[in-house]
Amino acid sequence: MDFDTTKINETIVGMIDDRILVCNAGGRIVFSNKAMQSYLGYTGSELQGKNFLDILEDIQAGKAKALLNSLSEEPTGWAEFLLHGRHHVLKLHLKFFRKDNLIYIYGNEKYVEYERIRKKLDIEITNAVKIHKRSLPESLPDTPNISFSSLYIPAEELGGDLFDAFKVENGLLDDYFEQYVCFIADVSGHGLDSAMLAIFVKDTIRSFFRLKHIPGQLLSPKEIMHFFIEQYLKEGYPDEYLVCLFIAVFDLKTKELTYCNAGLHTCPLLAGNGDDIVELNRAGLPISAAIGADLLIYEDSSLPLSPGMTLFIMSDGLPEQRSNNEFYEDRLKGLLGGIYCMDPPHIIRRIQEDFTDFLRYEKIKDDITLVVVKLLPPSD
């Protein structure tokens, strides 16, 4: 059975939302689709034979002539025109191109609005990336007693992980205390909202030390955690958001490590406290408004610090990365056993080189965040 392709094409053109005019080389209208006819308030026969310039506001005639004379088969960008409809002057963004000695003119305000929103979103994401990068620490503590180093690779332009490490300021009592706080936050997702939530985590933890911490008072990770949860629930974040947060306090005067884990299921690894690498595997639930506040209760865990101990704190992106149907976790643990005696920057460099070799051409699936902390032996 033969089909009339001309009729088929006319039917399709009549169905779409794009407003279409086709003109001859001189600018005279030879075709208009139903969307354009409806927009202008004319029938097809009324439009046919009119010159495109005749349905424009006079002030735009010069702009239109110059445009029509310079057309190629490549569509122009959007240009705004004022068209004379049957009852009103109407605004429409149009694109133009020339093919087979015909001029094609089409417009759809939905496309223009989409491009406007997309450009606005691109600007917002660019700004969010800058804000998120500024929220990452420029440097980490590196003293004769303790050294921190980090690896951070976002899976996408905007990451959902955040980390920090800093010395606790105790004012006039600084000579009596040497405490360092380190945390990693892994927020669900990788988009704009996740990045902003990760920044909220950092700002809230920092605000604990402005609002709650009294120099000389016992510093407890669980108190920082419960302060964060209180602020998080006040903000009213949606139920589907999850925050996994690990907070550690290194007290070099009392020689004690205290930590609290809310949902970070990739447990930190401790090396140098014996023959084996051990997991600090006491983890509670992740933080979410969907979980009752009475279940978001966390306790501190403690262990003694000794010179040479090395702690590896990471989000799940590193060990759970797959390549060649294998997870990186086992390879990572094998690597750590041979390099934990190095200083943290060298450890990070070796892990990054090995991970790149493991990854090959595989795409990173999740944010990669790792902080290495080493207790250094006392200087002579």
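Let me start with a pair of helices, helix 8 and helix 9, whose crossing is right-handed. Please keep in mind throughout that what we have here is a predicted model. Helix 8 covers residues 329-339 and helix 9 covers residues 344-359, and the two pack at an angle of about 150°, with 11 Å between their axes. Angles over 145 degrees count as roughly antiparallel, and helix 8 and helix 9 are therefore described in that way, as roughly antiparallel to each other. On the helix 8 side, the residues that meet helix 9 are R331, L332, L335, L336 and I339, and their partners in helix 9 are I347, R350, I351, D354, D357 and F358.

Now let us turn to helix 7, which runs over residues 221-235, 15 residues in total, and spans 21 Å from its first C-alpha to its last, close to the 21 Å expected at 1.5 Å a residue. Its buried residues are P221, I224, M225, F227, F228, I229 and Y232, and these pack against helix 6 (192-211) as well as strand 9 (243-251) and strand 10 (256-262). Just after helix 7 comes G236, which takes a positive phi of about 70°.

Finally, I would like to look at T266, which sits in the loop between strand 10 and strand 11 (269-271). T266 counts as buried because its relative accessibility is 11%, where the cut-off is under 20%. Apart from neighbours within four places in sequence, T266 is in contact with M314, S315, D316 and P319.

Key. Residues numbered from 1 in each chain as written. Predicted model: local features only at pLDDT ≥ 70, side-chain atom pairs only at ≥ 80, totals over all residues. Heavy atoms only, no water. Helix = DSSP H or I, 4+ residues; strand = E, 2+ residues; numbered from the N terminus. Expected span 1.5 Å × (residues − 1). Buried < 20%, exposed > 50% of the residue type's maximum accessible area, 1.4 Å probe, protein only. Contact = heavy atoms within 4.5 Å. Axes fitted to C-alpha atoms, helices over the stretch in contact; angles between N-to-C directions. Parallel < 35°, antiparallel > 145°, perpendicular 65-115°, else oblique. Left-handed = near helix turned anticlockwise from the far one by under 90°.
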